[in-house]
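This report describes selected features of one structure.

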Amino acid sequence: MTPNPFKPTVGKRPPVLIGRDAVIEDFAEGLDNGAGAPGRLMLLTGNRGCGKTVLLRELQRVAADRGWAVISDTASLGLCDRLADALRSGKPHVASMEIGPSFGRTSIEAARAKGETLRGLVNDRLKTVGPGGGILIAIDGAQSASIEELATLAVLYQQILGDQDATGLPDAEQRGLALVFAGLPSMVDDLLEEKSVTFLRRAQQRTLGMVPLPEVRDAYRETVGASGLDISGDVAEYAASRSMGHPYMIQLVGYYMWRAARRHGSGTVTLGDVELGYRDAEAEFFEAIDAPLYYGLRSPQRLFIEAMAQDEVGPSQMAAIIKRCDRTQSWASKYRASLIRERVIEPAGYGLVRFAVPMLGECIREKIFWHDSDN
């Protein structure tokens, strides 16, 4: 039996990286174009579920295919110790590398005891890769890293560029270091405000947003067809509209509509299958994206978006939010700004805001309010 071709699991590589070709091409060109090429320093940002982790893993595959050593993991405590260990051992990949204090006191003392520096370890490791190759450090969840951690990596990047220039080799033959950070948009906001990481401001910034619906439609036709089922252009277009172009929702709708067709033994995905699939996809999106986002906000932020959720159609008026929350204008302005910064909401005109995360308002109305009132 042919397995379901859609992969909605977080971080799992889907069969088609819809709408991400330009980012992949920029990165590949950066690796191919020699030391100092722009694509070797990249910031990937986007809201939850926009496919940052999937894309980051694809960039790792691109680097590995070119003979680059790859070190990757999610931002948390312990970056420099694990990074130094990986460089000493010559391992091409660190399965549990984490981010912590910027080559912190413990790491510095351990390195000094061995006469090592992070810079020296990187240069030693680079000697083992071929001309034009290098090391890719890929960091997910980078918004959890401190500015000092990012500053350490920025300095390291500059040092390695200088060390390779000193070899006198042509750019195409110099070994290099590539850094790719993936995180929430607040990561970029913090970098723009911090003087100690000015160099990282010059990194290529790629914000992962919604995928154009025609691309989603074509991808549905391609993916479903390759799996042995049929889907018409009209049905694929309807499925694309149901996905709203959101990368995670694209995979959810695809997964559940494909499953619906297979369960009743059909060789064709129909409009009915899309509708059945959409209901399952909507419920899972609520649980995987909307609910964790809602409960992860501070109480005043939740109060603000609960007031917004009372508007079932169109954007919300700030005046109405202030009245519903029974708060002052300065209070509303403060939490409006914080929610915009975290990309939960966005401006929608003078005195208007709307949700930036798909179906968050529906989730609050249909799940959160209902659950709270039930209790």
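## The largest cavity

A35, G36, R40, Y157, I160, L161, Q164, R175, G176 and L177 line the largest cavity. A cavity here is a set of points, on a 1 Å grid over the protein atoms alone, where a 1.4 Å probe fits but cannot get out, and lining residues have an atom within 4 Å of a point. The volume of the largest cavity is about 40 Å³.

α6 (147-165) supplies the largest share of this lining, four residues. Both α6 and β4 (176-183) supply at least two residues each. By class, the lining has five nonpolar, three polar and two charged residues.

## Basis of the model

The model is predicted: local features need pLDDT of at least 70 and side-chain atom pairs count only at pLDDT 80 or more, while totals for chains, interfaces and linings use all residues. Residues are numbered from 1 along each chain as its sequence is written, and side-chain values use heavy atoms, with hydrogens and water left out.

The whole structure holds two cavities of 30 Å³ or more.

## Helices α13 and α14

Helix α13 (residues 318-325) packs against helix α14 (residues 329-341) at about 115 degrees, with the axes 10 Å apart. The two are therefore roughly perpendicular (65 to 115 degrees). In the contact (heavy atoms within 4.5 Å), M318, I322 and C325 of α13 meet Q329, W331, A332 and R336 of α14. This contact has five nonpolar, one polar and one charged residues.

Conventions. Axes are lines fitted to C-alpha atoms, for helices over the stretch in contact, and angles run from 0 to 180 degrees between N-to-C directions. Angles under 35 degrees count as roughly parallel, over 145 as roughly antiparallel, 65 to 115 as roughly perpendicular and the rest as oblique. Ala, Val, Leu, Ile, Met, Phe, Trp, Tyr, Cys and Pro count as nonpolar, Asp, Glu, Lys and Arg as charged, and the others, Gly among them, as polar. On a 1 Å grid over the protein atoms alone, a cavity is a set of points where a 1.4 Å probe fits but cannot get out, and a pocket is an open set with protein on both sides within 12 Å along at least five of seven lines; lining residues have an atom within 4 Å of a point. Grid points are joined across faces, edges and corners, and a volume is the space filled by probe spheres set on the points.
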